[in-house]
Amino acid sequence: KGAIPMLRSLCRHQRHWRRWLVRPLRSLSVSPSSLEPLGTLLLEKRLREEPLGEISADLDAALRALDQQDAYRIQDQHAEALGSELGGFKIGGTSAEALHTAEEPFRGVFPQSFVRQLPKEAGSFVLEIPASAADMLVGVEAEWCFVMKGRHEAEETWREIEAFDPFEYDMDALSVAALLADVVPALEVCMTRLGSLSKTFPNAKTADGANNGYVLVGKELQSSGNEMGILEQKLAKLGTRKIKLSNGDVVTEGSGRAVMSHPAWALTWLINHLSKNKRLGGFLGPADLAGRVVMSGATTGLVPARVGDRVLLEFDMYPKVEVEIR
C-alpha cells in the first residue's frame, strides 16, 4: 500500500531486469576526430533551434556510421560544454514493444534553456517556438518527471551512488528513491533536427538529444488533502494513475505501467547506465543527476502536434493543463 513495500517488491524482481540494468559498453565505431566536430555542430544547431541542413560529406558519413556508444560520447560532449546549463536527462525506448527488440532503453540530455514550468493550477500555458523550429516539431508525449535532490540535500547518498561499482552489483530502486525530491507530471515536446535521418539512423537521433525539443515540467500540483504532497504516496501510485493526452480528435491514454512496468525502473536503469559510463571514461556519471530533472519515458503514445495546436494534458488527481503551441 506504500511506496517502500512497492520498491522492495521491484528489487526482489531485479534479476529479471538485469539485462537492461548492466550492459557492457562497446568500443567506438567512429574516430574521436570525427565525433568532436559532429558533436559541436549538433549542439550549435540545437541551441539555435535550427535544422541540421546540408553538411559536409565527412560529417554526413560520420553521422550515419554512429553506433549507440558514439552517440553517448556526443551527448557527453554536449553536457561538458553546457556545464551548469545542463537541464536534465530523458529516457527513451521504455515501452514493452521497444524493449522486445532493443538491448536496453536509451538516454538523452537537454539544456536548461529548453525547460519550461507548467502552471501550478489548472489553466493554460503558451509555448512559443521560433519560426526556424516549426518544421522540426514532431509531437508531444505525457511523462512523469523525476526531480532529483541537490547535492547538499543528500550528500551521503550521492557519495554512495558515485562509489558503487555497477559491474559488481546493480543499484536498486529503493536506493534510487532516496535521491528523489519530487515526481511531477510533465510534457515532452519532441522535435527532430535531422529530418528523415532520425528514423533511418536511430543512433544519430540519440546523438542529437533523442528527439528532445522542450520539457514542460509541472510543479507541486495538489488537488485536495495532503496525499499528493507525500512522495511515498506518489511513488506508490506512479504506475497506476490514469493519464490522458489529446490534441483535438487525437486522444491517447496510458499510465506509468507503460514505462518498464513502473517508471522507477527507468530511473534505476539510468543511474546504473551513467555509473558504467563514468567508470569507462565517459564524462557523465550519476552525480550529474543531482539537482536536475529526469523525464521517465512516454506513458502515452506520441500525439502529433504542430504550431497552432492546443494540447490537453490530464493526469489523474492533478489539474488539467492546456498547452498552446505558437
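Met317 sits in the loop that joins strand S12 (310–315) to strand S13 (321–325). Helices (H or I, at least four residues) and strands (E, at least two) are DSSP runs, numbered from the N terminus. This is a predicted model, where local features need pLDDT of at least 70 and side-chain atom pairs count only at pLDDT 80 or more, while totals for chains, interfaces and linings use all residues. Residues are numbered from 1 along each chain as its sequence is written, and side-chain values use heavy atoms, with hydrogens and water left out.

Most residues other than glycine have a negative phi. With a relative accessible area of 39%, Met317 is partly exposed; buried means under 20% relative accessible area, exposed over 50%, and partly exposed in between (1.4 Å probe, protein chains only).

You will find Glu49 in the loop between helix H3 (32–48) and helix H4 (57–65). Glu49 is buried because its relative accessible area is 15%.

Now move to Gly195, in the loop between strand S6 (180–191) and helix H9 (197–200). Gly195 counts as partly exposed, at 41% relative accessibility. Gly195 and Leu52 are 143 residues apart in sequence, yet their C-alpha atoms are 8.2 Å apart in space.

## Rings and a charge

Rings of Phe, Tyr and Trp (its six-membered ring) pair if their centres lie within 6.5 Å; planes under 30 degrees apart count as stacked, over 60 as edge-to-face and the rest as tilted. By this rule there are three aromatic pairs.

Elsewhere, the charged end of Lys278 sits over the ring of Phe283, 5.7 Å from its centre. That label needs NZ of Lys or CZ of Arg within 6 Å of the ring centre and within 35 degrees of the ring normal.

## The whole protein

Stepping back, the protein has twelve helices and 13 strands. Of its 326 residues, 55% count as buried.
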